[in-house]
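Open your viewer and get ready to pick out a few selections, one after another.

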Amino acid sequence: MFGMNADWSLEVFERYFTIGDYAGGEARWCPGCGDHGVLTAIHKLLRDEQVPPETTVAVSGIGCSSRLPHYMGTYGFHGLHGRALPIACGIKSRRPELDVWVATGDGDCFSIGTAHWIHAIRYNMDMTVLAFDNSVYGLTKAQTSPTSPLGFKTNTHPTGAILPPLNPLTTTLGITNVSFVAQVVDWSPPLLYEVIKAAHRHKGTGFVRIIQRCPVFSDSVSKALQNSPERVLLLQHEKGIPIDASAKRQFPNSITHDPSDLAAARAVAEDTSRIPVGLLYQNTDALCYETLSSRGTEFTVKKRLAGINAALDRFTI
Ligand code: SF4
Ligand code: MG
């Protein structure tokens, strides 16, 4: 070409994504809402991991936290109440190469979406599930949710919630083929980031219950916890979440907990006198549905044949 030296070559720069590439619309959550910090952690993590925005999908149900896909500069699907997980599973089953994130709340996931929660955990498809738990229905202005504490006053129970709250950790840890369960509070940004990072890197369903501040409708719940940092129990282990000095200063109490021990994870989860934060359980060998159901892999064929033979054996007279 005229004017070009023969030894010139076209220089192609690798793409580099900034936090702005993951940002969508301006977040319209209330000032002080814990959802802001979670969104920041997700944006930062995607930037740090350099996940292409065009291969990222944020899926949600209905609720305050379910507005998250609007605030992502990625693909997104703002679904129906309780239906974030089946939508996410559908996306993952057809497009397993996509990085799928699920934003769901305590009302969305632990109430109307319970059946989907159970089966999504069992299917263990490779996705990151963030359950924003503020112990109340926030979007619809204060009704009792499955995780509202006993005695917590709402529009539906003006004299106080009459049942003890559901425990999302013990429930999730009781589901067959569960592979990753963690918990964190939204007011510890370094820990929040590390927990979400571990869930995102996990191959399988990375389930994180985020205890989330709603200063408008359940301020007393999160304030009580924020004012009692000794109630928070850091879970420490070489296989667990890296815990930096700031988290140790913030939460003085800790135990050593091996996240490969399911029985120990269930015991930690059952003790509601403390709020464990960190990685409760991880099994990197748990079967992933999308891997088993993908066509043509030797692994899939062998597994299917083994399953058929086992079934035939059971019915042989
Ligand atoms: Fe957040 Fe509560 Fe406001 Fe909803 S109502 S945006 S959960 S502070
Ligand atoms: Mg809620």
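Now show both helices whole, residues 84-94 for H2 and 114-123 for H4; their axes come within 8 Å and cross at roughly 35 degrees. Keep in mind as you look that this is a predicted model.

Next, the sheet. Colour its nine strands and follow them in the order S2-S1-S3-S4-S8-S7-S11-S9-S10; the sheet is open and its pairing is mixed. Which strands stand at the edges? They are S2 (75-78) and S10 (254-256), and because each has a single partner strand, one side of each is left without a neighbour in the sheet. On average, neighbouring strands are turned by 20 degrees against each other, direction ignored.

Bring up helix H9, residues 262-270, which packs on this sheet and touches S9 (232-236), S10 and S11 (275-282). The direction of H9 makes about 160 degrees with that of S11.

Zoom in on S7 (180-185) and S8 (205-211), which run parallel and pair over five bridges. Click on glutamine 183 to find its bridge partner in S8, arginine 209.

Last stop: select ligand 1, which sits in the second largest pocket. Around ligand 1 you will find Trp29, Cys30, Cys33, Cys64, Asn134, Gln212, Cys214, Pro215, Val216 and Phe217. This shell has eight nonpolar, two polar and no charged residues.

Notes:
Residues are numbered from 1 along each chain as its sequence is written. Chains are lettered from A and ligands numbered from 1 in the order in which they are written. This is a predicted model: local features need pLDDT of at least 70, side-chain atom pairs count only at pLDDT 80 or more; totals for chains, interfaces and linings use all residues. Side-chain values use heavy atoms; hydrogens and water are left out. Two strands pair if DSSP finds at least two bridges between them. Helices (H or I, at least four residues) and strands (E, at least two) are DSSP runs, numbered from the N terminus. Axes are lines fitted to C-alpha atoms, for helices over the stretch in contact, and angles run from 0 to 180 degrees between N-to-C directions. Contact means heavy atoms within 4.5 Å. A residue is near a molecule or strand if one of its heavy atoms lies within 4 Å of it. On a 1 Å grid over the protein atoms alone, a cavity is a set of points where a 1.4 Å probe fits but cannot get out, and a pocket is an open set with protein on both sides within 12 Å along at least five of seven lines; lining residues have an atom within 4 Å of a point. A molecule sits in a cavity or pocket if more than half of its atoms lie within 2 Å of its grid points. Ala, Val, Leu, Ile, Met, Phe, Trp, Tyr, Cys and Pro count as nonpolar, Asp, Glu, Lys and Arg as charged, and the others, Gly among them, as polar.
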